[in-house]
Amino acid sequence: GLSTQPIWRKLWDDVMKTRPPNSESITCWRKKFLETFFSNVLHGVLDVSSDWRLNDQHFSPLLHSSPHVSQLTLCNMLQGAVELTAEHNRRVLENLAGSLRILKFQHLLSCDQSVRRSLVLLLHRLIHHGSVSQVSMYSWPVPDTVLLVLILTMSAGFWRSGNALACHGSPCGLCREEDKAQSQESEQEGAERGCNTEQEGSSGENQKRHPKEADACMNSVLSGPRSPPLRNPACEQTISAVPCGHSSIQGSSSPHSSSEQLSHHPIPRKTRRRLKPAGGRKRRCLRRSRGRCADPEDLYDFVFTVAREDNSGLLDKTSTTERENTENWTSSSPGSPCTGHAGCKKRGGPAGILSLKAAHRFRSVSTLELFSIRLTGETCRTLSNLLSSWVSLENLVLSYNGLNANISCILSGLRALSRHPECRFRALRVSDMFSHMPCMELVRCVLSALPQLHTLSVSFDLKNQLEGSRPEANPSCSKVEIPESCLEVLEIRFPREPLHTAFLLPVLKASKSLQQLSLDSATLPSPQELGLLLEVLKECTPNLKKLSFHDVNLAEHQKEVLLLLQDPGLQEITFSFCRLFESSTAEFLSEIINTVKRNSSLKSLKLPGNRLGNHRLVALADIFSEDSSSSLCQLDVSSNCIKPDGLLEFTKKLEGHVQQRGGQLPFTQLRLFQNWLDQDAEMAQEALRRLRAVCSVVNDAWDSSQAFADYISVM
């Protein structure tokens, strides 16, 4: 019954010799230590020979810690992928296939073909035959197109078995075993079918096939995807339109192509299997077709042939494509076929085009995150094509990818996915530096294309950098009717755009299930606008539980603030950096306190960045007085210029209310980030010690003098 947490914490200090980031949020030091230990040994950061407890020839640090690793980050030249796929780490890779859930790539660089082959084997084992459910990529401003497409394609479950997955000349063992099991199943079904036809006395030539012929026919059927991908109207026939000297497989007119075989041979009922979600059972690998015609190169060789060619033409072509997309944006709304490039609708000259139908379908991940990775027009079309049939995908995060007009291509792929009967897509988060179109228009377009979304987050820092280059409201999108949606969470960060309730009204009317709304960096065009918004929220969103305003000037909207605080339906309200007390009087603070005291449904009140100061913080303690019916559990007063003496006085007043109420207080957490508590460390420690006897305190060691110096330096 004793906890081993202190032991693992001490091991961290002894072995890692570093201060762990965000140590206050670590719930299991054993897991934290073993995951970090595995990563540091893998990347050569930790030298095991320097510690006598680890320097043992019978001890394998990677093998010992691998069963406890749930997330792994691969960096730079992918040295970790090469090490993990080495023969001596076979058991390590087997352990990771069962334990790993999140695979991250960070600061990747171009690498040679042998390294990419190791990456192929790693992704195949961890995703197609493993348990990885999330792939995240970070900080890749100028990505290697070939490497990026490879990771995206394998994450979506598309690839070819055979030589592409060879390790030292031998094919994947799991694929080989499942091929054998599937072949036996096919032969058995073929024999049963032949037996049935004899019993029925059929004399048709096609019904008297030799069992081996039936097996060959069955294998040709099984070589295609068990759940054929949808045709994406936006990027039809394209998987990776990058320069290549090979002829188009999709454009082949061979009468023996695999796609024609799929249409000619019926699929027996027992061989049909649905695609499993990322968290479900491992899918069987599909064997290569014996009956299809030989392709000049498989997808693996296709992708890596591109890497050896001159990419300068691709970059020039990409910039031209983006210009064409921008010109065509005003005539095509998001979700409609992207017409910026001929290769998006048909085969385009020398560009090599490989159909998704030519690849097999394996298990795929449920979450894809792309942070600070520039996506060109070509890459967006590739991603769109993958998204159109990525039925296991539940969450997609696109952050600072420079999408601009290419967002239309992404949305058209998601629109095609939403029509799939097994679609599980539920959350979309898009953020970027510049907005190509007004935020509310983009929200309307997304909800029109994806009514099944549960979470939508749209965030932009600035309007388009070129004055006049941003198109006006798109008529085709503005007039579209928004169907009733399943939206529960809506987050919008405006690039200093005016918040017009009239534009938000259709979205709220279609989102009856909305529970959480966040509005960030919006400007209010008129004093009446916030009042109109509150009326619309009350009328259209009866299930709203959480409402957040960030960096919205509410200094002149005291009446509306009080109305929100007395709303019986809201459980969490956030006014973050809203300048609440900029021009207020003492009466306004008293009205806030009395309103919260009477509201028994409000559980969390967050007021960071509103210049509370010491005297207003002390006054807020009266929310928990003896005559209060408040159920407030969490209070956030971060970044409010609070000093140690003010915090100590607040603590003493709170202790008095606890005594008056007989020790019963609903208050459980106080958040104090980035306040001026370092001005008197001794007094601050006393206040925190006494405060922790009443509630949980979450704070940080913030250097206010350095923060002030940073502020002055950027003025």
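Colleague: Is Asp520 buried or exposed, and at what relative accessibility?
Modeller: In this predicted model, local features need pLDDT of at least 70, side-chain atom pairs count only at pLDDT 80 or more, and totals for chains, interfaces and linings use all residues. Residues are numbered from 1 along each chain as its sequence is written, and side-chain values use heavy atoms, with hydrogens and water left out. A residue is called buried under 20% relative accessible area, exposed over 50% and partly exposed in between, with a 1.4 Å probe and protein chains only. Asp520 therefore counts as buried, at a relative accessibility of 14%.

Colleague: Which residue forms a salt bridge with Asp520, and how far apart are the closest N and O atoms?
Modeller: A salt bridge here requires a side-chain nitrogen of Lys or Arg within 4 Å of a carboxyl oxygen of Asp or Glu. For Asp520 the partner is Arg493, with the closest N and O atoms 4.0 Å apart.

Colleague: Which strands hold Arg493 and Asp520, and how many residues apart in sequence are the parts that the pair ties together?
Modeller: Helices (H or I, at least four residues) and strands (E, at least two) are DSSP runs, numbered from the N terminus. Arg493 lies in strand S12 (residues 489–493) and Asp520 in strand S13 (residues 516–520), so the pair ties together parts whose separation in sequence is 27 residues.

Colleague: In which helix do Lys31 and Glu35 both lie?
Modeller: The side chains of Lys31 and Glu35 meet in a salt bridge, at 3.3 Å from N to O. Lys31 is partly exposed, at 35% relative accessible area, whereas Glu35 counts as buried at 13%. The two residues are four apart, about one turn of the helix, and that helix is H2 (residues 29–42).

Colleague: What is included in the cover of the buried residues of H20?
Modeller: Helix H20 (residues 586–598) has 13 residues, and its buried residues include Phe588, Leu589 and Ile592. Their cover includes helix H19 (558–565), strand S16 (604–606) and helix H21 (613–620).

Conventions: The expected span of a helix is 1.5 Å times one less than its number of residues. Contact means heavy atoms within 4.5 Å.
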